[in-house]
Amino acid sequence: TAVPGGLIVFETDRGGGIYHLYLMNNDGTDQTQLTDNGLAASREPAWSPDGTRIAFRGQTTADEASADIYLINADGSGQVQLTSDDGIHSQPAWSPDGLHIAYRHKNEQGGNLTVIDPAGSNPVAITPNAPHNYPPAVTPGRALIPLSPPPRQGTPPRLPRPPPRAR
């Protein structure tokens, strides 16, 4: 995925079968490995709206039955794990204001779209135990749109409103 200014973050397994995130210019130059973090895989990168951070799916083992959402600075520093409960957390998508990250969560109870703040707190299941669990896209109006299949009748789920700012 690309950010204004021409930087592209991508995943590749060129490191011996282990997926890592790399950063490069939009002309393919200056490829730099961002993750070398003890994870078995770093995949599905998503830029923050301001281009300073990247959310991604990380796996601690090669078993794809468990994955969490992580956050890393665009220079590769400051990696933090945002999710830690059971199941697969994947396909992060930032809200346009950068206050939330939406992601897929699937476990033995079913699947849902969940949002969390970039500090890793306040997770909210937007579509609890939904029969289909598709990746989220976030509109400027804060609506969560599953990318496939076509949305059902009615109003799409919305991100929670941010708390009022202290004066």
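Read along the sequence, the protein follows the pattern β-β-β-β-β-β-β-β-β-β-β-β-β. It has zero helices and 13 strands; helices (H or I, at least four residues) and strands (E, at least two) are DSSP runs, numbered from the N terminus. The model is a predicted one, in which local features need pLDDT of at least 70 and side-chain atom pairs count only at pLDDT 80 or more, while totals for chains, interfaces and linings use all residues. Residues are numbered from 1 along each chain as its sequence is written, and side-chain values use heavy atoms, with hydrogens and water left out.

**The whole chain**

Begin with the complete protein shown as a surface. It exposes about 9000 Å², of which carbon and sulfur atoms supply 51%; accessible areas come from the Shrake-Rupley method with a 1.4 Å probe, and for residues only the protein chains shown count as cover. Of the 167 residues in the protein, 41% are buried. Buried means under 20% relative accessible area, exposed means over 50%, and partly exposed lies in between (1.4 Å probe, protein chains only). Among contacts between residues at least 6 apart in sequence, 27% join residues at least 24 apart, a contact being heavy atoms within 4.5 Å.

**First stop: the sheet β1-β2-β3**

Select strands β1, β2 and β3. They form an open sheet of three strands in the order β1-β2-β3, with antiparallel pairing. Two strands pair if DSSP finds at least two bridges between them. The edge strands, each pairing on one side only, are β1 and β3 (32-33). Strands β1 and β2 run antiparallel and are joined by six bridges. Strands of a sheet pair through backbone hydrogen bonds, either parallel or antiparallel.

Now display the side chains of Phe10 and Tyr22. Phe10 stands opposite Tyr22 in β2. The two rings form a stacked aromatic pair, 5.8 Å centre to centre with 25 degrees between the planes. Rings of Phe, Tyr and Trp (its six-membered ring) pair if their centres lie within 6.5 Å; planes under 30 degrees apart count as stacked, over 60 as edge-to-face and the rest as tilted. Because Phe10 lies in strand β1 and Tyr22 in strand β2 (residues 20-25), the pair ties together parts that are twelve residues apart in sequence. Phe10 is buried at 18% relative accessibility, and Tyr22 is buried at 9%.

A charge sits over a ring if NZ of Lys or CZ of Arg is within 6 Å of the ring centre and within 35 degrees of the ring normal.

**Second stop: Arg43**

Centre the view on Arg43. Which residue does the side chain of Arg43 meet in a salt bridge? The partner is Glu11, at 2.8 Å from N to O. A salt bridge is a side-chain nitrogen of Lys or Arg within 4 Å of a carboxyl oxygen of Asp or Glu. Arg43 lies in strand β4 (residues 41-47) and Glu11 in strand β1 (residues 7-12), so this pair ties together parts that are 32 residues apart in sequence. Arg43 is buried, with a relative accessible area of 18%, whereas Glu11 is partly exposed at 27%. Arg43 also lies over the face of Tyr19, at 3.7 Å from the ring centre.

The structure holds two salt bridges. For the other pair, select Arg57 and Glu44, whose closest N and O atoms are 3.2 Å apart. Arg57 lies in strand β5 (residues 53-59) and Glu44 in strand β4, so the pair ties together parts that are 13 residues apart in sequence. Is Arg57 buried or exposed? Arg57 is buried, with a relative accessible area of 8%, while Glu44 is partly exposed at 22%.

The count of aromatic pairs also comes to two. Select Phe56 and Tyr70: the ring centres are 5.6 Å apart and the planes lie at 20 degrees, so this pair is stacked. Phe56 lies in strand β5 and Tyr70 in strand β6 (residues 68-73), so the pair ties together parts that are 14 residues apart in sequence. Phe56 is buried at 0% relative accessibility, and Tyr70 is buried at 4%.

**Last stop: the sheet β8-β9-β10-β11**

Finally, select strands β8 to β11. They form an open sheet of four strands in the order β8-β9-β10-β11, with antiparallel pairing. The edge strands are β8 (88-94) and β11 (124-125), each pairing on one side only. Five bridges join β8 and strand β9 (residues 101-107) in the antiparallel sense. To see one of the bridge partners, display Trp94 together with Ile101 in β9.
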